[in-house]
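My entries follow in the order in which I looked.

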Amino acid sequence: MMAGNEEIGVRPAQMTGPEPDDLDADPAPRALPTRPRRRRAIGPRAYAWWARNQHGLLIATVGTIGLRLVTEWVGLVSQYGARFPHQVARHPSLLSQVWGHWDAGYYLSIAQYGYAGRTVGHGQAPGGIAFAPLYPMGIRLVHAVTFLNWEASAEFLSAIALFASLVALHRLAVTHGGGDIGAASVMMLLAFPTAFFLLAPYPESLCLALVTLALLCAESDRWLLAGVLAAASSMTKYYLVIVAVALCFELWRKRSTTRADGGEPRLVDTLGRYLKVALPTIVVFAAWMIYQQAHVGDPLAFAHAQAAHWDRHLAFPWTLAHRTVSDLIHLRFLDTSTASVTELFDTVTILLLGGAAVFAYLRINRTLGVLLGLGFCVFTFQALLSSVTREVLVFAPLFLALGTWTANRRWLERMLLVLFIPCGYFLIQRFVTGSFAG
């Protein structure tokens, strides 16, 4: 063995072959170029979406089925008493007919016969133009595809929309707070006293789905899709034009944050994003006003119908406050009129909405707080409170705020459930027996 080559793999420069003693030694490792391995998967995007939302999908499935079973049972017992299984066995259509009260008749009439024009045709509802067109159009589409009766088609559409709403609400809450807040937010929605409207022939679940998905799209900077969803929500309930306003605020807030970090987007890009958010709502409202002018002869027929048939007039908030306080002090909400007792529910709800707006703005996300604040203004700039306890179902940030508030306070969560559930039973009983419930 050569003394100068005791270290394995070290060879004098003049040598052209290996040392005899080096033949049994391990060769020095060579750095060979390697190609990165590509993970082969079927539908990687779909798998990633499933991984993010599988918990929400499970909660939405259980929540939709559970709410349907509970509210159906309460509704049937309230209307038919303990004999309801015999009634349903003889007339299975009662399972859907139990919810066909009040505004449900307008939506079903519009779906079947369209809007009344200058004259009221067969089956058409006078003043039906006060109700936005997207939900009746959805009922008509489901009826054409499934061949279900009109009430069942409306309830099927509401159920599908509720499922989508719960998945989206859970994802929105997880984005802002985590899994515990996601589950708590969904529970607050399902336990809310008027949650049964989410499965009735009413557009609340469709509105909730559109609003929540629009907020999710804004979170991921998909502005055009967010604008389209906001426009669709405004054609489900007219006052939801405020969703486009809130999205514009979100765009302004994100632009301000970017500028604070040192970068500033081009003016053209900024204006393009604002157009993506606002233009769809402007276009659909303009088209709807043209339709009303041609069909009814009044481009603002929907607003005039609401004022004429439902006494919805613009007023300063102190007008509403004076009237509501007077009714509460003189106990007029306990009189025998059809809708009087719901004024107490609406009063508590509007206070809850105002508090949630402040909480969401300060603790969760400013855009969510702005949306709730705009909703608060919509309900308070009227001459009277009407159906607020039902209308707030469309505001996902309200239930996100309740979920955030109660997620780490089990005593508060139980207290709200103890309050919500009996109130929900009471309102279901009123609704299915023909009394106004919101």
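I began with helix α8 (residues 204–219) and helix α9 (residues 223–234), whose axes come within 8 Å and cross at roughly 165°. I read α8 as roughly antiparallel to α9, since angles over 145 degrees count as such, under 35 as roughly parallel, 65 to 115 as roughly perpendicular and the rest as oblique. The axes are lines fitted to C-alpha atoms, for helices over the stretch in contact, with angles from 0 to 180 degrees between N-to-C directions; the helices are DSSP runs (H or I, at least four residues), numbered from the N terminus.

Before going on I noted that this is a predicted model, in which local features need pLDDT of at least 70 and side-chain atom pairs count only at pLDDT 80 or more, while totals for chains, interfaces and linings use all residues. Residues are numbered from 1 along each chain as its sequence is written, and side-chain values use heavy atoms, with hydrogens and water left out.

For the contact itself (heavy atoms within 4.5 Å), I listed Leu210, Val211, Leu213, Ala214, Cys217 and Ala218 in α8 against partners in α9 including Trp223, Leu225 and Leu229. The residues of this contact divide into 12 nonpolar, one polar and no charged, where Ala, Val, Leu, Ile, Met, Phe, Trp, Tyr, Cys and Pro count as nonpolar, Asp, Glu, Lys and Arg as charged, and the others, Gly among them, as polar.

In the loop between α8 and α9 I found Asp221, which has a positive phi of about 65° although it is not a glycine. Asp221 is partly exposed, at a relative accessible area of 45% (buried is under 20%, exposed over 50%, partly exposed in between, with a 1.4 Å probe and protein chains only). Ser387, in the loop between α15 (366–380) and α16 (388–391), also carries a positive phi, near 65°, but Ser387 counts as buried at 3% relative accessibility.

I then turned to helix α14 (residues 342–364) and helix α17 (residues 396–406), whose axes come within 9 Å and cross at roughly 70°, and which are therefore roughly perpendicular to each other.

Last, I checked confidence: the protein averages a pLDDT (the predictor's confidence in each residue, from 0 to 100) of 85, and 85% of the residues score at least 70. Over residues 1–26 the pLDDT is below 50, and this stretch has 12 contacts beyond near neighbours in sequence.

Note on methods
Helices (H or I, at least four residues) and strands (E, at least two) are DSSP runs, numbered from the N terminus.
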